[in-house]
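Please keep the sequence and the model in view while reading.

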Amino acid sequence: MTQKVAVLGTGKIGEALLSGMIRAGWTPADLLVTARRPERAEELRTRYGVTPVTNPEAAKTADTLILTVKPQDMGTLLDELAPHVPTDRLVISGAAGITTSFIEERLTVGTPVVRVMTNTPALVDEAMSVISAGSHASDADLAHAEEIFGAVGKTLRVPESQQDACTALSGSGPAYFFYLVEAMTDAGILLGLPRDKAHDLIVQSAIGAATMLRDSGEHPVKLRENVTSPAGTTINAIRELENHGVRAALIAALEAARDRSRELASGNNS
């Protein structure tokens, strides 16, 4: 792999991507990083052997630029990059809610842009990364983005019109599961279990359930019904979940996340 790739604004997700790329076969000498703080850049150099550069230097020398800054910082970054990005650069954005057209309008006409929404399980190589093409991106550009983000998990191509929904489901998705585990742990304590035992029971149950969902090919309703005996403990619990509107609350929560992603796209960062 001889192409140079630069990760700009290297936070936790950017670092996870760097680490995964190196494990997948990229040479550290071909990886460039930028960071807001010099000490952070030096930390990445020491840990991975990558080369810290400035944002303009990255734009001039890397074949692919991966923008991992926060949505509210994207405009400032693009203003800094614009004079230095030729049209043969592939620009990949990982910022929630930022459209490819927003980026294209600030760069030289014809610059290929790919939008990617990944999530924090990239830290353990179990990310779900959703990839969409801008108006100038080719199949080869999409394949290159898949190669990069495939180093830290699974990838899925979708039309950009579906990105806000994907952000709500998978981009923010891990937080919903963490929230559920937190609530179930509290319930375990209420039922008389020590916190550490409740945690272990719930986490392993979650891992087992996720593995069954992934590997069995069964619909989640079927898997749930397999656990739900007539007049048993599970159906009583499910009844209470329905009585408290948990399903409706989840749907409303995901709609709220989607709407916020749309607001970010429209420039409302407050």
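By about how much of a helix are Glu42 and Arg45 separated in helix H2?

## Basis of the model

The model is predicted, so that local features need pLDDT of at least 70 and side-chain atom pairs count only at pLDDT 80 or more, while totals for chains, interfaces and linings use all residues. Residues are numbered from 1 along each chain as its sequence is written, and side-chain values use heavy atoms, with hydrogens and water left out.

## Salt bridges

Glu42 and Arg45 are separated by about one helical turn, because they lie three residues apart in helix H2 (residues 38–48); helices here are DSSP runs of H or I with at least four residues, strands are runs of E with at least two, and both are numbered from the N terminus. The side chains of Glu42 and Arg45 form a salt bridge at 3.2 Å, N to O, the term being used for a side-chain nitrogen of Lys or Arg within 4 Å of a carboxyl oxygen of Asp or Glu. Glu42 is partly exposed at 39% relative accessibility, and Arg45 is partly exposed at 40% (buried is under 20% relative accessible area, exposed over 50%, partly exposed in between, with a 1.4 Å probe and protein chains only).

Across the whole structure, the search finds 21 salt bridges. Among them, Arg37 pairs with Glu39, with the closest N and O atoms 3.3 Å apart, and Arg106 pairs with Glu105 at 3.8 Å, N to O. Arg106 is partly exposed at 31%, whereas Glu105 is exposed at 61%. A network of salt bridges links Glu15, Arg40, Glu43 and Arg47.

## Thr155 in strand E8

Thr155 belongs to strand E8 (residues 153–157) and is partly exposed, with a relative accessible area of 29%. Leaving aside residues up to four places away in sequence, Thr155 touches Met128, Ser129, Ile131, Glu146, Phe149 and Gly150, where contact means heavy atoms within 4.5 Å.

## Helices H8 and H9

The axes of helix H8 (residues 173–190) and helix H9 (residues 195–216) come within 9 Å and cross at roughly 135°; axes are lines fitted to C-alpha atoms, for helices over the stretch in contact, and angles run from 0 to 180 degrees between N-to-C directions.

On the H8 side, Val181, Met184, Thr185, Asp186, Gly188 and Ile189 meet Arg195, Ala198, His199 and Ile202 of H9.
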